[in-house]
Amino acid sequence: MFSFTVRSFFQKLVTLFFISIISFLVVYLAPGEPSQIDPLNPKFTVEDLQRFRQEFNLDKPLHEQYYLYYKNLFTGQLKSWKDNQPVLGKIYERFKNSLWLFIVGTLITWCLSFPVGIHAAINRGSVFDRTSTFFAYVLISIPSFFFAYILIIFVVKTFNISVIGMQTFGMSGADSIYQIMDRVWHLVIPSILGALGGIALLSRYVRAQMLEVIHQDYIRTARAKGLSEDQVYYKHGFRNALLPFVTMFGLILPGLIGGSVIIESIFAWPGMGRMGYEAILARDYPIILTINFMAAVLVLIGTFISDLLYMVVDPRIRL
Amino acid sequence: MSNSEAILKIKDLKVYFDTDAGVVKSVDGVDLEIKKGTTLGLVGESGCGKSVTCLSIPRLIESPPGRIAGGEIIYKGKNLLELSEKDMQGIRGNDISMIFQEPMTSLNPVFTIGDQIQEVIMLHQHKTSAEARELTLRILKKVGIPSPEIRIDDYPHQMSGGMKQRVIIAMALSCSPDLLIADEPTTALDVTIQVQILDLMRSLQDELGMSILLVTHDLGVVASMASHVAIMYASKIVEYGPVEQIFSNPGHPYTLGLFTSIPVVGRGKRDLYVIPGNVPDPLAFPRGCKFWPRCVFAEDICRSQEPFLENIGEGHTAACHFRGKIDKHLWKEKTNTGSFLNISR
Ligand SMILES: Nc1ncnc2c1ncn2[C@@H]1O[C@H](COP(=O)(O)OP(=O)(O)OP(=O)(O)O)[C@@H](O)[C@H]1O
Ligand code: SF4
Ligand SMILES: [Mg+2]
């Protein structure tokens with residue numbers, strides 16, 4: 001098991017190296033140029049352009065640019081081309097904001113999907129099953145921004161509360177309890193909306209998985225032992241139904257970055273997704289690349305965690 | 001045939017499955033009886049309803065699509081079909097245990113075999129987990145698992161099919177049941193393992209005094225294990241009686257067909273006679289005797305009236321309009337087949 005862990009870790013490092021090259025090439029070779037060095041930009045003179053090119057190392061050969069970029073990234077000297085701020089500091093600020101949305105959204109998704117999916121599978125064909133199926137399809141087929149706007153209108157009109165941004169403007173003088181409530185409120189609405197699509201998909205998946213498991217022979221064995229239905233489903237069934245989700249659990253980590261671009265944009269939530277989106281529009285390569293790189297790292301960490309978890313929950317994968 | 005010594009009596013059991021194509025009557029009026037401490041062999045072609053009969057005794061038929069549409073299952077004087085689910089849970093695994101046809105998939109892959117056996121013991125016997133583990137070790141040893149102290153912490157995938165079936169037997173026997181339902185316990189296993197498993201079941205039966213309902217395709221197994229046999233055809237019992245009686249004097253044309261052997265040309269060996277025709281589709285059973293399309297003795301009455309089980313000897317019943325008149329000699333004449341299986345007990 002130890003050797004597997006070490007091997008898997010080094011494999012991931014090698015993968016990361018190749019990803020770093022490819023994502024670098026994709027960004028640098030993509031058509032279009034940062035506005036500062038765009039010869040068509042009337043704001044800058046030819047000398048300005050030349051100066052920027054030098055400053056951004058764009059005059060050097062590609063492999064050197066690659067080296068300089070990652071060197072700066074790891075030494076923390078990388079700066080945004082747009083405002084000359086350190087990239088890591090900028091990303092960290094946004095990361096904290098996204099993290100909240102991500103944690104609350106994920107908790108809501110997983111805590112709701114599993115009970116709904118399991119209950120629907122156990123009572124297949126019941127009113128509950130059919131209702132949850134119906135709503136799942138509605139949520140899957142209608143995009144979340146549509147609900148977002150409807151919910152915003154509804155909440156703002158009925159409760160007269162603002163839900164945009166991370167807090168209500170002008171609350172800084174209020175009691176801390178009100179400030180906290182305000183924060184929570186601003187967090188919960190976008191989290192729920194971000195979670196809706198996930199709940200719909202995940203609960204379907206849980207249901208399918210559970211349905212498959214409860215028709216296995218070992219479930220009949222568990223019943224033949226004299227166990228109660230709850231023990232049969234939640235002890236013998238659930239443990240097995242859980243296996244594929246362990247893999248998924250690792251794969252949700254990257255959602256931290258790209259998962260909520262739309263929701264962050266609608267709710268003017270200053271998170272990573274929105275930052276990445278803005279960086280792409282401005283062709284701010286250092287930010288784009290760093291976010292890319294972080295996404296890759298998160299994916300690899302996620303799969304690494306999945307591998308480890310898999311070994312814990314599935315005895316057939318002990319190595 | 002006194003009723004007092006019967007541990008299980010099934011009367012007119014009907015188990016139906018509601019499917020899209022229609023109602024499948026997998027068990028349709030089955031009567032069976034198992035005497036205390038003995039083994040009843042249940043024999044029949046694939047799909048005739050043996051497994052469904054077995055599963056309905058501890059009420060393990062999945063519903064939907066299945067349902068027990070009628071009849072009684074009297075276990076030690078109580079009709080199991082009238083018990084609450086809670087009472088039934090107390091009986092399953094404790095009084096009535098099952099061994100399944102599929103040893104490879106009947107154990108839960110994510111728990112150790114020790115945990116799976118201990119679970120039954122702790123459920124029914126209120127023992128601490130240390131005591132249960134101790135008992136589990138003893139049972140594993142009893143069913144012939146080598147070095148049980150190590151194997152107890154194995155997961156099912158670490159074991160061979162024969163070992164898994166031993167584990168399942170250990171699990172089924174861990175609470176010393178009075179009735180063991182073994183649904184083709186050896187069909188999925190190698191011949192040598194089959195012999196070992198059957199020997200094991202027999203010696204455990206002698207030791208524990210339990211009754212066994214043994215489903216099998218193999219008449220040799222019946223001869224060596226059972227005291228009584230029930231022959232099942234198309235959701236019904238067509239012949240029932242003590243093994244000696246049925247082997248020496250089969251009274252139903254279907255049984256006669258099962259017992260006939262034919263020489264294999266040029267090999268000096270004998271092979272089983274194959275009854276012509278197919279097992280009828282349970283959605284479209286023939287009218288009258290369900291066996292008539294395949295029966296060499298069939299006459300008009302067979303196509304219109306269904307025969308019922310009636311006595312043809314001491315504790316020996318058959319469901320044929322010509323019961324008592326048809327025998328081996330007539331059969332040989334009519335079918336031109338060779339000699340009968342010679343199975344010694
Ligand atoms: N869940 C189910 N839904 C529909 N039909 C079923 C179901 N289970 C069993 N049946 C039907 O009941 C009939 C009897 O099946 P059963 O499994 O009892 O046969 P069997 O005698 O045990 O055969 P085998 O020797 O192959 O194990 C079959 O026709 C089968 O199609
Ligand atoms: S009743 Fe008729 S068809 Fe049926 S087994 Fe007897 S002889 Fe054959
Ligand atoms: Mg079967």
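Which residue forms a salt bridge with B:Asp178? The partner is B:Lys76, and the closest N and O atoms of the two are 2.3 Å apart.

## Basis of the report

This is a predicted model, in which local features need pLDDT of at least 70 and side-chain atom pairs count only at pLDDT 80 or more, while totals for chains, interfaces and linings use all residues. Residues are numbered from 1 along each chain as its sequence is written, chains are lettered from A and ligands numbered from 1 in the order in which they are written, and side-chain values use heavy atoms, with hydrogens and water left out.

## Salt bridges

Side chains of opposite charge can pair when their charged atoms come close. A salt bridge is defined as a side-chain nitrogen of Lys or Arg within 4 Å of a carboxyl oxygen of Asp or Glu. The whole structure holds 28 salt bridges over all chains.

B:Asp178 lies in the loop between helix H6 (161–173) and strand S7 (179–183) of chain B, and B:Lys76 in the loop between strands S4 (66–75) and S5 (78–79), so the pair ties together parts that are 102 residues apart in sequence. Helices (H or I, at least four residues) and strands (E, at least two) are DSSP runs, numbered from the N terminus. In chain A, the side chains of A:Arg207 and A:Asp129 meet in a salt bridge (2.8 Å, N to O). This pair links distant parts of the chain, with A:Arg207 in helix H7 (residues 176–213) and A:Asp129 in helix H5, 78 residues apart. Both A:Arg207 and A:Asp129 are buried, where buried means under 20% relative accessible area, exposed over 50%, and partly exposed in between (1.4 Å probe, protein chains only).

## The surroundings of ligand 1

Ligand 1 is surrounded by 16 residues, each with a heavy atom within 4 Å of the ligand. The closest are B:Ser26, B:Ser46, B:Gly47, B:Lys50 and B:Ser51. Helix H1 (50–56) and strand S1 (6–19) of chain B each supply at least two residues of this shell.

A polar side-chain atom of B:Ser51 lies 2.7 Å from an oxygen atom of ligand 1. For B:Lys50, a polar backbone atom is 2.9 Å from an oxygen atom of the ligand.

## The surroundings of ligand 2

Around ligand 2 there are 13 residues, and the closest are B:Cys289, B:Cys295, B:Cys302, B:Cys320 and B:His321. By class, this shell has 11 nonpolar, 2 polar and no charged residues. Ala, Val, Leu, Ile, Met, Phe, Trp, Tyr, Cys and Pro count as nonpolar, Asp, Glu, Lys and Arg as charged, and the others, Gly among them, as polar.

Conventions: A polar contact is a pair of N or O atoms within 3.5 Å; within protein, one must be able to donate a hydrogen and the other to accept it, and residues adjacent in sequence count only if both atoms are side-chain atoms.
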